[in-house]
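Hi,

Here is the structure I promised to pass on. Have a look at it, and below I'll run through what turned up.

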Amino acid sequence: MPADTTRIRMSRSSTLALPDNPHWVERLAKYPADHRTQHWPLMGSPAWPLTVAAVYLYFVLSYGPRLMKTRQAYSFKTFIYCYNVYQVIANSLMFYTVLTSGWTTTYSLGCQHVDRSASPESNRMATAMWYWFLLKQTELVETVLFVLRKKKRQISFLHIYHHVSTYFIAWFACNFAPGGLTSFSVMPNSLVHVMLYSYYLLSAIDNDTLRKTLGRLKKYLTTLQIIQLAVIVAHSAQALAPSCTAAPKALVYSYIPNVLLVIYLFYNFYRVNYNNAAKSRVAAPTKLD
């Protein structure tokens, strides 16, 4: 296969050439791709995230429900326990790595540009952003498990949209701005996820008193998610200024409205599930229970 193109044969007389490097994506974003990460696995061409998202949506919205229509729900109890442990550890490491790869040393809370040098700290930050993308990819399995466990109530528009949009944003950020201003959101996001997955680990313990206590904490977890999203929007808003070139404008113009929409969806989730005292059963936050 040539290094610069991947050819997809359309017919005997025509061939569609797609660039194997992200130059056409750079033109679309009007921002240069990072010279380090664009050559890493799953980066460069958006073919991978587009394919993953398409397969994911097809399974959770069409094939999966049809597959499970006449089948008994699966349990996956052990797998889910191990998955939650993995997420707690992975998000803890992600928070610490991003925090100590610039934010506690040379970064500021202003329009912080990406350090594209070959320094160990810069490369550690870029690597962390790549792993963050992989972490967002693994989170897609949650919806697959919901389908196989017949947890239809959990497969909401909020859940699907939040997972898919964050997945694409993580890919875009790693390709174009693996550090600097765009890496700030990884810290509150990872910290909140540590709390969420810890909650689900504790929920698996067969103790009525503990479960009642955790039940009272559900709404506060949703509130915490809304707060962290608001903090992220407040920090990211400075990138809207023409003088701030720390992140691609295409990413900023899509990211901020996306987060605002997710804030609204979480608020609506909170209002429907927690403001109605007559509800006898409250839905869990949008992660695995």
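The count comes to three cavities of 30 Å³ or more. A cavity here is a set of points on a 1 Å grid over the protein atoms alone where a 1.4 Å probe fits but cannot get out, and lining residues have an atom within 4 Å of a point. Volumes are the space filled by probe spheres set on the points, which are joined across faces, edges and corners.

This is a predicted model: local features need pLDDT of at least 70, side-chain atom pairs count only at pLDDT 80 or more, and totals for chains, interfaces and linings use all residues. Residues are numbered from 1 along each chain as its sequence is written, and side-chain values use heavy atoms, with hydrogens and water left out.

The largest cavity holds about 140 Å³ of space. Its lining includes Trp 132, His 162, Asn 189 and Tyr 255. Helix α9 gives the most to that lining, with four residues; helices are DSSP runs (H or I, at least four residues), numbered from the N terminus. By class, the lining has seven nonpolar, five polar and no charged residues (nonpolar: Ala, Val, Leu, Ile, Met, Phe, Trp, Tyr, Cys and Pro; charged: Asp, Glu, Lys and Arg; polar: the others, Gly among them).

The second largest cavity has about 120 Å³ of space. Of its 13 lining residues, those nearest the centre include Leu 181, Ser 236 and Tyr 255. Again α9 gives the largest share, four residues. This lining has 10 nonpolar, three polar and no charged residues.

Cheers

Conventions. On a 1 Å grid over the protein atoms alone, a cavity is a set of points where a 1.4 Å probe fits but cannot get out, and a pocket is an open set with protein on both sides within 12 Å along at least five of seven lines; lining residues have an atom within 4 Å of a point. Helices (H or I, at least four residues) and strands (E, at least two) are DSSP runs, numbered from the N terminus.
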